[in-house]
Amino acid sequence: MSIIGPLLIAAIFIVPLWLQKFESKQIKNIAVIDESGILVPTLKSTENVIFTDMGKMTLDEAQKEFSKSGYYAVLFIPKNILNSTAVQIFSNRQPDFGLKQYIAKLIEKDLETLKLLKSNVNPDLLKAVQTPIFVQTIKWTSDGREVEVTMEMKTIIGTVASMLIYIFIFLYGSQVMRGVVEEKVNRIVEIIISSIRPLQLMVGKITGIMLVGLTQFVLWICISFSVIWLAQVTLFPEPAVPTVTNPTATIDSKVMEQVQALGQDDYQYALDIFGSVSNVNWPIMIGSFVFFFICGYLLYAAMFAAVGSAVDSESDTQQFIMPITVPMVISLLMIQVILNNPDGSIAFWLSMIPFTSPIAMMARIPFGVPIWEVVLSSSILIASIIIMAKLAAKIYRTGILMYGKRITYRELVKWIRYR
Amino acid sequence: MCMGFISVQNIVKEYSGTKALDNVSISVEAGSIFGLLGPNGAGKTTLIRIINQILAPDSGQILFDGDPVSEAHIGRIGYLPEERGLYKKMKVGEQVVYLAQLKGMSKAVATEKLKAWFRKFEIESWWDRNVEELSKGMQQKVQFIVTVLHEPELLIFDEPFSGFDPINANIIKQEILALKEKGTTIILSTHTMASVEELCDNIALIHKGRKILDGQVFDIKQKYSSNTFEIKCSGWFDLMASTLTHNYQIIEHQKEGDITTVKLKLQSDIPTNDLIRHFTGLGNVIAFNEILPSMNDIFINVVGETNQQTEA
């Protein structure tokens, strides 16, 4: 899983792009029979779609020779195209939807231009009215600088980071619980605690699994990045060439990319994600991820360990897992709210409550969080870890030697009070 | 009070109002086997856990060779819990070496010693097998090795024979006696009274958190003997029986062919020679022996009496 996991993540990024690339590599030859004769000159062939003028050939002749000709389809444009709204595509197979859309758009635009020109509109004027609109978001930082905010990318990173930390905490936290239950069910626990103290066993288990988690995380990062990088280099060697000539050339290239990203199709957008990956402040992101993973994990792992020690089998864990998962799920559900307003009061309070702060903070960090909030949140979190670890150790100490008893919450409180 | 190798002094342990151990003191001589007896829930396991420092007593203390038990003693104690097991997915050899390392042994020494034990039990082929592939009896054997591998001065066995077939139970019994020969002090907690009689030098009987009986096995048996004897003889049994004085009471008799086996109780302190003389006058005595109560009987009697006392 430690190797396959990151490969899967990378595959999620790459496979669709690769498939798209593969798909679009199929060059489609389209034979054009233009009875009107006005559209053929405007139909520009592209890399993937090549239009060939069939001249005076009739539709019947085309049909007879079609199977031998090797064309993908025949595009028939009627004589009265300026007054009509229909063209026809003939083929011996089902023409794909993408092609249909592409041709429709192309002809629509050409016809539009032709009609406007016919009404004596100045071609220059025509060009000038085509105005793409983009919104640039700029943040004034405290030291008076203007920082351009690329909201979309930050939202994506915030979402991914907070989801990941949720998955990591839950994955490794419940692994602690399973380990504790396993030792108890195995009955090896009494052999071990005759050699080391229960607290040592608990701390050792939590630390061990944490290191496994961190190793896996580092592996994920390394493998994902190298695979994505490799894919970028091999599958998409050239940076995307801007196809829209932007009239406002003063706007810097980053915004351009953004505009393109929003305006163009998914393929272009995905390429842009590759581009933006390198624009993120990775040291801060990874640093805070590791910090909040360790802290969040320690907090939850202590609770998971206590639950594991209190039950006799994994199937009995349900009643105690509920209260642990609820704050996790709440913070997961609130990610969207936090991302919509990373400086709002909901975001603030969720990042102060220790049970939700790791996830909430990871969602907010890409947008920048005031230092004092980070310090306060971390302090609360660390203090909670210490308290939680002490309580968990007390439950654990008694729980691991307790068999055949259905444990209630009242019982747990009693264990905490034991000397 | 005589100070043993292990001295349990006035241990009290309370669980939410009920006393699991109420002022229990025992003393275990160096190089002896000490039987810790008692019905289920008597507090034996709690006491054993306190000696192992798994639990802390509310009051009282444990002395190990004169010093209060501390972490320094952990490597000198070997403990086979009643509820025992191993990591199922781990290889046998690797796991035992790991557990020995927890007891403070170096990896190399542990590996070497373990190999010797595996040769002794002829189980070398188990080394690289997963624990889950072994039968329950095989796992018990491995657990026994785990307990003794680091050559502790004090061994604590809680129901060591459970899960063993008679052959393997005997192997373990012999190993325990061999360890005693080497000078290891052993505390044995069991319900198998036969093994108590065979193995133990001293016992303590714990019931409802209190020690209700302790001492040497021999002394205890004498103390609870009821002057009962068994005679095997041939001859005119009816005549023998009818001429017995009221000082004797026949409990039961059984005739097999020419030979009669009779159980008698001497009512007062009459020399047993008189009894033998009476029988030899009328027939041929083949065997004569005193019937001592089994530990089993003593256990049932003493626990039963204590129950009556507490109810009264």
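**Confidence and layout**

Q: Which stretch of chain A has pLDDT under 50?
A: Residues 239-252 of chain A stay under 50, and the model has 8 contacts for them beyond four places in sequence. Over residues 254-265 of chain A the pLDDT is also below 50, with 21 contacts beyond near neighbours in sequence. Here pLDDT is the predictor's confidence in each residue, from 0 to 100, and two residues are in contact if their C-beta atoms, placed from the backbone, lie within 7 Å.

Q: What should I do with low values?
A: Where pLDDT is low, the predicted coordinates should not be read in detail.

Q: Ok, what are the ground rules for the model and its labels?
A: It is a predicted model, where local features need pLDDT of at least 70 and side-chain atom pairs count only at pLDDT 80 or more, while totals for chains, interfaces and linings use all residues. Residues are numbered from 1 along each chain as its sequence is written, and chains are lettered from A and ligands numbered from 1 in the order in which they are written.

Q: What is the mean pLDDT of chain A, and where is confidence lowest and highest?
A: The mean for chain A is 79, and 79% of its residues reach 70 or more. Helix 8 (residues 253-263) of chain A has the lowest confidence, at a mean of 46, whereas helix 14 (residues 371-399) of chain A has the highest, at 93.

Q: How many helices and strands does chain A have?
A: Chain A has 15 helices and 6 strands. Helices (H or I, at least four residues) and strands (E, at least two) are DSSP runs, numbered from the N terminus.

Q: Switching topic: how many residues of chain A are in contact with chain B?
A: 12 residues of chain A are in contact with 16 residues of chain B. Helix 6 of chain A gives the largest share of the chain A side, 4 residues. That side divides into 6 nonpolar, 3 polar and 3 charged residues. For the classes, Ala, Val, Leu, Ile, Met, Phe, Trp, Tyr, Cys and Pro count as nonpolar, Asp, Glu, Lys and Arg as charged, and the others, Gly among them, as polar.

Q: How do helix 10 and helix 13 of chain A pack?
A: Helix 10 (residues 282-310) and helix 13 (residues 357-364) of chain A pack at about 170 degrees, with their axes 9 Å apart. Axes are lines fitted to C-alpha atoms, for helices over the stretch in contact, and angles run from 0 to 180 degrees between N-to-C directions.

Q: Now chain B: which strands pair with strand 13?
A: Strand 12 (residues 248-256) joins strand 13 (residues 259-266) of chain B antiparallel through 8 bridges, and strand 11 (residues 228-235) of chain B pairs with strand 13 antiparallel over 7 bridges. Pairing takes at least two DSSP bridges between two strands.

Q: How many residues of strand 12 are buried?
A: The count for strand 12 of chain B is 0 among its 9 residues, so strand 12 is hardly covered.

Q: Last one: where is A:Arg187, and what is its phi?
A: A:Arg187 is in the loop between helix 5 and helix 6 (189-193) of chain A. Its phi is near 65 degrees, a positive value in a residue other than glycine.

Definitions and conventions:
Buried ≥ 20, exposed ≤ 12 C-beta atoms within 10 Å, placed from the backbone.
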